[in-house]
Amino acid sequence: MTSARRQLIDANTTPFYHVINRCVRRAFLCGEDKLTGRSYEHRRGWIVDKIKALSAIFCIDICAYAVMSNHYHLVLKIDVDKAKSLTQKDIISRWCQITKGHAVATKYMNGDALIDGEAMLLDALLAEWHERLNSISWFMRCLNEEIARKANREDECKGAFWEGRFKSQALLDEQALLACMMYVDLNPIRAGIAASLQSSDFTSIQERVNALNPHSNAPQLAKTTADNLQQIPHKAKALAKFDGSTLQNQQTGIPFHFADYLELIDWTGRAIRLDKKGYIDNQLPKLLNELGISPDAWLISAKEFRRQYSGISGRWDSMCEFKKQHNSGKWCKGKASSQALHP
């Protein structure tokens with residue numbers, strides 16, 4: 001039995017969420033259909049362009065993404081502080097980029113006086129629109145509806161394009177966020193369709209790496225300078241920044257340093273590639289040392305994150321408390337995995 005979305009997404013508990021959506025038809029979301037020889041690669045660009053456009057409108061940041069042949073992954077962060085800072089005119093101007101808005105809102109934006117009934121209606125609209133602008137459900141609705149319409153027009157057909165409503169996982173702590181981002185960024189490598197981070201097309205890690213050296217076809221990660229590593233969050237403007245703080249502090253972005261993340265994802269990708277089985281460098285990356293995670297537990301999580309957890313991921317006690325608070329079931333999935341990643 002599915003749970004209500006409000007029970008699975010709660011910005012007061014955690015701003016970070018992993019969401020997945022899958023195409024329902026045999027026709028590909030992206031990629032190339034080997035049966036017909038028809039290419040759908042251009043649809044990957046539709047999704048990347050749309051999530052960036054919506055991120056600029058909604059108070060939702062993109063931490064990681066991967067667009068695969070028949071599904072996509074996003075790691076999103078609800079920007080609670082940004083949502084609180086929106087003025088009434090901000091709310092109206094942002095929402096009117098998505099819909100036609102309302103005549104009362106247009107009248108207010110033009111500086112015309114409102115009668116009492118109109119003022120009350122505007123207040124109700126502002127409250128509703130404000131809530132939607134920091135809602136992952138509305139973000140996904142706007143994304144999926146446009147992609148479905150464009151794909152149906154291109155395929156000259158009607159009907160459902162997506163398998164169902166999107167699936168979500170709450171990421172309750174740093175370990176869960178780190179494991180999930182790496183799971184998403186390494187999707188093409190794990191699927192065997194890319195051999196390196198640089199060739200992992202339509203992923204956030206490729207975008208971040210390319211921003212280090214946009215003129216190089218195959219930049220060498222080991223030779224990347226410290227100065228470039230510090231510049232990367234600012235170059236990838238549509239993506240959430242790595243600010244190096246912790247979830248307990250008032251962080252504005254991703255609570256790691258990008259240099260550490262890049263080192264860890266490069267090590268993890270090399271360790272799980274099928275052509276290099278059995279060899280792991282004895283010197284562990286900095287993030288694993290700091291978080292106290294064993295290499296074996298980390299590699300399993302990087303390859304099987306979705307199988308290990310259900311709607312939430314984090315420490316076992318945090319997951320159980322989340323379930324209890326939101327009345328979303330009597331049991332949690334992933335106890336062994338949680339204990340391995342959260343010693």
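Reply: Let's start with one idea: contact means heavy atoms within 4.5 Å. Keep in mind too that this is a predicted model.

Me: Okay, let me try it on helix α4. Which elements do the buried residues of α4 pack against?

Reply: They pack against α2 (42-57), α3 (80-85), α5 (103-109), α6 (116-133) and α7.

Me: And which residues of α4 are buried?

Reply: α4 runs over residues 88-95, and Ile91, Ile92, Arg94 and Trp95 are buried there. These four cover an arc of only 165° around the axis, so they sit on the same side of α4.

Me: How do I read a nonpolar core?

Reply: Here's the general idea: in soluble globular proteins, nonpolar side chains tend to be buried together. In this model, the largest nonpolar core has 48 residues, and Leu74, Ile136, Phe139 and Met140 touch the most other members. Several elements, β1 (16-22), α2, β2, β3 (71-78), α4, α5, α6 and α7, each supply at least two residues of this core. The largest share, nine residues, comes from α7.

Me: What does Ile136 touch, leaving out residues up to four places away in sequence?

Reply: Ile136 touches Ile9, Tyr17, Val19, Ile60, Leu76, Ile78 and Phe166.

Me: Now for rings. How many aromatic pairs are there?

Reply: Rings count as a pair if their centres lie within 6.5 Å, and by this rule there are eight aromatic pairs. Take Phe58 and Phe139: their ring centres are 5.6 Å apart and their planes are at 75°, so the pair is edge-to-face. Phe58 is in the loop between α2 and β2 (60-67) while Phe139 is in helix α7, so this pair ties together parts that are 81 residues apart in sequence.

Me: Are Phe58 and Phe139 buried or exposed?

Reply: Both Phe58 and Phe139 are buried. Elsewhere, ring pairs link Tyr72, Phe161 and Trp162 into a cluster.

Notes:
Residues are numbered from 1 along each chain as its sequence is written. This is a predicted model: local features need pLDDT of at least 70, side-chain atom pairs count only at pLDDT 80 or more; totals for chains, interfaces and linings use all residues. Side-chain values use heavy atoms; hydrogens and water are left out. Buried means under 20% relative accessible area, exposed over 50%, partly exposed in between (1.4 Å probe, protein chains only). The arc is that of the directions from the helix axis to the C-beta atoms. Rings of Phe, Tyr and Trp (its six-membered ring) pair if their centres lie within 6.5 Å; planes under 30 degrees apart count as stacked, over 60 as edge-to-face and the rest as tilted. A nonpolar core is a set of buried Ala, Val, Leu, Ile, Met, Phe, Trp, Tyr and Cys residues joined through side-chain atoms within 4.5 Å.
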